[in-house]
Amino acid sequence: MTTADLSPQEVARQALRAGIPLEAERLDLVTATANHIRRVIGTLRALDLDETAPAAVYDAAHLVGEGRNDAAV
Amino acid sequence: MRPYELSLADAAQAIASGELSPVELTDSVLARIEAVEGSLGAFVAVFADAARQAAGQAERDIAAGAHRGPLHGIPMGLKDLIDVQGLPTTASSRVREHHTARRDSTVAARLRDAGAILLGKTHTHEFAYGLTTPQTGNAWAPERVAGGSSGGSAVAVAAGEATFALGTDTGGSIRVPSALNGVLGLKPTYGLVSRRGVTPLSWSLDHVGPITRTARDAELVLAALVGPDPGGPASPYVPPSGRPHRTGGDLTGLRVGVPRNHFFDRVAPEVAKAVRGALADLAGLGAVLVDIDIPMAEYLQATQWGLMVPEATAYHQRTLRSSPELYGPDVRVLLEAGELVPTGDYLRAQRSRTLMRRAWARLFDEVDIIAAPTVTSTAARRDQQTVRWPDGSEESVSDSYVRLSAPANITGLPSLSLPVGLDGAGLPIGMQLIGGPFAEAALLSTGRIYEEARGAAPRLAPVAA
């Protein structure tokens, strides 16, 4: 499996749908960066994951009652 | 030796015996900051008056018999992602203008309780999303990168601007600048040190840890930082095993894994040579070197990016929409591009992490620790964008810096970077020791025995004052 590159038009559309309107002069840079990242991560599609469950790290018990703290943006 | 040059352990001993007062030590470190900060830029802010006041209080408390332990009266710096009540946590970003922390992070509170004195907040690559920390110059050569993202903390410790400091590490951000500045950096086991009140980059990869000049100093700081934090994110599932420290002067029988693949690929020859030399030193101390194969090495970068990029974008969701122009251009484009990573890829990265953890756990059936270079090369020039390797390949400086340190973030395993020499240009080289879960004591005692055998006192960076 490989990851097909996104065109600048697709990037503009997806970003807009995500609530990030990209100015025209930023589109090429974001497209190139996004495609580079997607190509790198896309290599994971060759892995045989079979029944492997995700390691999300969180211990659910610690999520209970975890409030917003001062480190929030 | 002037007080700012002392290691934490030596300063603590001098304070305990009454030879040195916290006021003298703090004044000496503040004077050092005054002298070298202009060329280094390690600090976002220095709180000299508050530090002097706290040092005076520490002096009075200690004189009255209320000595809290080795960190009492020791001046330190905190990476500016770490909340301190009443102070801004700028994350070295314009996004955080007008921010004030409402309470202490757990680590700041623990250091305060231990009597440590806050000198100031140190620079990070903006929101820890980068490996260079462009605001800060390398302590050994200010025209070169500090490394990042905890560049300010590592430079401050290396230059004598702080007796120790804290950093954070998502792909190498404690260890990379530590290696590039000739100091020690410990990324503990995931969850061992609380991250409550520490601005995240990537929740599932972030760690907080000490940057010091010696392994003994790191032991002292770590001891003050650990402890259960039931409300904090990712507190450890199990307490540290308390594996006994090696108290003897050698490493007899210690099985040290030496990677055949990945960790010595595309590494600067001088770095590889220095690390191989340090491995020979470990063998000379009785360690047994065992060749090992790193599993799934071809998936390390994909897994790291697949976890970090979407998590970082998720954290910045609101401000990326409300004030994107406040981010630096390099961070902004990464956050925007992160919106375009499919959910399926994020889950694949999490599933890859499951496989990697299992495979790495099996490695520790064969060896006690793994030793390898921390960073592929020494500090790059500040205007340098890429590294060219002898095989003809080219790599961005950031990608090359994170390549060897990220595995310990994916697996959550502890990793200690320690200095093992200088290259021909006089720039520091670091070696990392990676251990099994909660094997911090084994890493630090190995580091201590190595330091003692080398016999070299920790040397500050030769910054022109």
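This is a predicted model: local features need pLDDT of at least 70, side-chain atom pairs count only at pLDDT 80 or more; totals for chains, interfaces and linings use all residues.
Student: Start with chain A. How many helices and strands does it have?
Tutor: Three helices and zero strands. Along the sequence the pattern reads α-α-α.

Student: And what percentage of chain A is buried?
Tutor: Buried residues make up 25% of its 73 residues.

Student: How many residues are in contact between the two chains?
Tutor: On chain B, 47 residues are in contact with 36 residues of chain A.

Student: Which helices of chain B supply at least two residues each to that side?
Tutor: α9 (300-315), α10 (317-322), α11 (329-338) and α12 (343-366) of chain B. The largest share, 11 residues, comes from α12(B).

Student: Left-handed or right-handed?
Tutor: The crossing of α9(B) with α12(B) is left-handed.

Student: Which residues of α9(B) meet α12(B)?
Tutor: Thr303(B), Gly306(B), Leu307(B) and Pro310(B). Their counterparts in α12(B) include Asp345(B), Tyr346(B), Arg348(B), Ala349(B) and Met356(B). By class, the contact of α9(B) with α12(B) has five nonpolar, four polar and three charged residues.

Student: Now the other helix pair, α2(B) and α3(B). What's the angle there?
Tutor: About 160°, with the axes 8 Å apart. Helix α2(B) covers residues 22-40 and α3(B) covers residues 48-63. The two are therefore roughly antiparallel to each other.

Student: Which hand does that crossing have?
Tutor: α2(B) and α3(B) cross in the right-handed sense.

Student: And which residues of α2(B) meet α3(B)?
Tutor: Pro22(B), Val23(B), Thr26(B) and Leu30(B). Across from them, α3(B) brings Ala48(B), Ala51(B), Arg52(B), Ala55(B), Gly56(B), Ala58(B) and Glu59(B). The contact of α2(B) with α3(B) divides into seven nonpolar, two polar and two charged residues.

Student: Change of topic. How many residues of α5(B) are buried?
Tutor: Nine of its nine, so the helix, residues 151-159, is mostly covered.

Student: Which ones are they?
Tutor: Gly151(B), Gly152(B), Ser153(B), Ala154(B), Val155(B), Ala156(B), Val157(B), Ala158(B) and Ala159(B).

Student: What follows α5(B)?
Tutor: Gly160(B), whose phi is positive, near 85°.

Student: On to the sheet. What's the strand order in chain B?
Tutor: β1-β3-β2-β4-β6-β5-β12-β13-β9-β7-β8. It is an open sheet of 11 strands with mixed pairing.

Student: Which strands sit at the edges?
Tutor: β1 (43-46) and β8 (288-292) of chain B, each pairing on one side only. From one strand to the next, the twist averages 30°.

Student: Take the β8(B) end. How many bridges join β7(B) to β8(B)?
Tutor: Five, and the two strands run parallel. Strand β7(B) spans residues 255-259. Arg255(B) stands opposite Val288(B) in β8(B).

Student: Now β5(B). Which way do its residues point?
Tutor: Leu184(B) and Leu186(B) point one way, Gly185(B) and Lys187(B) the other. All are buried. In a regular strand the side chains alternate between the two faces of the sheet.

Student: How many bridges link β5(B) to β6(B)?
Tutor: Two, in the antiparallel sense. Leu184(B) is opposite Thr212(B) in β6(B).

Student: And to β12(B)?
Tutor: Three bridges, and the pairing is antiparallel again. There Lys187(B) has Ser415(B) of β12(B) as its bridge partner.

Student: Where does Gly191(B) lie?
Tutor: In the loop between β5 and β6 of chain B.

Student: Buried or exposed?
Tutor: Gly191(B) is buried, with 22 other C-beta atoms within 10 Å. The cut-off for buried is 20 or more.

Student: What separates Gly191(B) from Glu366(B)?
Tutor: Their C-alpha atoms are separated by 25 Å, and the two residues are 175 apart along the chain.

Conventions:
Residues are numbered from 1 along each chain as its sequence is written. Chains are lettered from A and ligands numbered from 1 in the order in which they are written. Axes are lines fitted to C-alpha atoms, for helices over the stretch in contact, and angles run from 0 to 180 degrees between N-to-C directions. Helices (H or I, at least four residues) and strands (E, at least two) are DSSP runs, numbered from the N terminus. Angles under 35 degrees count as roughly parallel, over 145 as roughly antiparallel, 65 to 115 as roughly perpendicular and the rest as oblique. A crossing is left-handed if the near helix is turned anticlockwise from the far one by less than a right angle, and right-handed if clockwise. Two residues are in contact if their C-beta atoms, placed from the backbone, lie within 7 Å. Ala, Val, Leu, Ile, Met, Phe, Trp, Tyr, Cys and Pro count as nonpolar, Asp, Glu, Lys and Arg as charged, and the others, Gly among them, as polar. A residue is buried if 20 or more other C-beta atoms lie within 10 Å of its own, exposed if 12 or fewer, and partly exposed in between; C-beta atoms are placed from the backbone. Two strands pair if DSSP finds at least two bridges between them.
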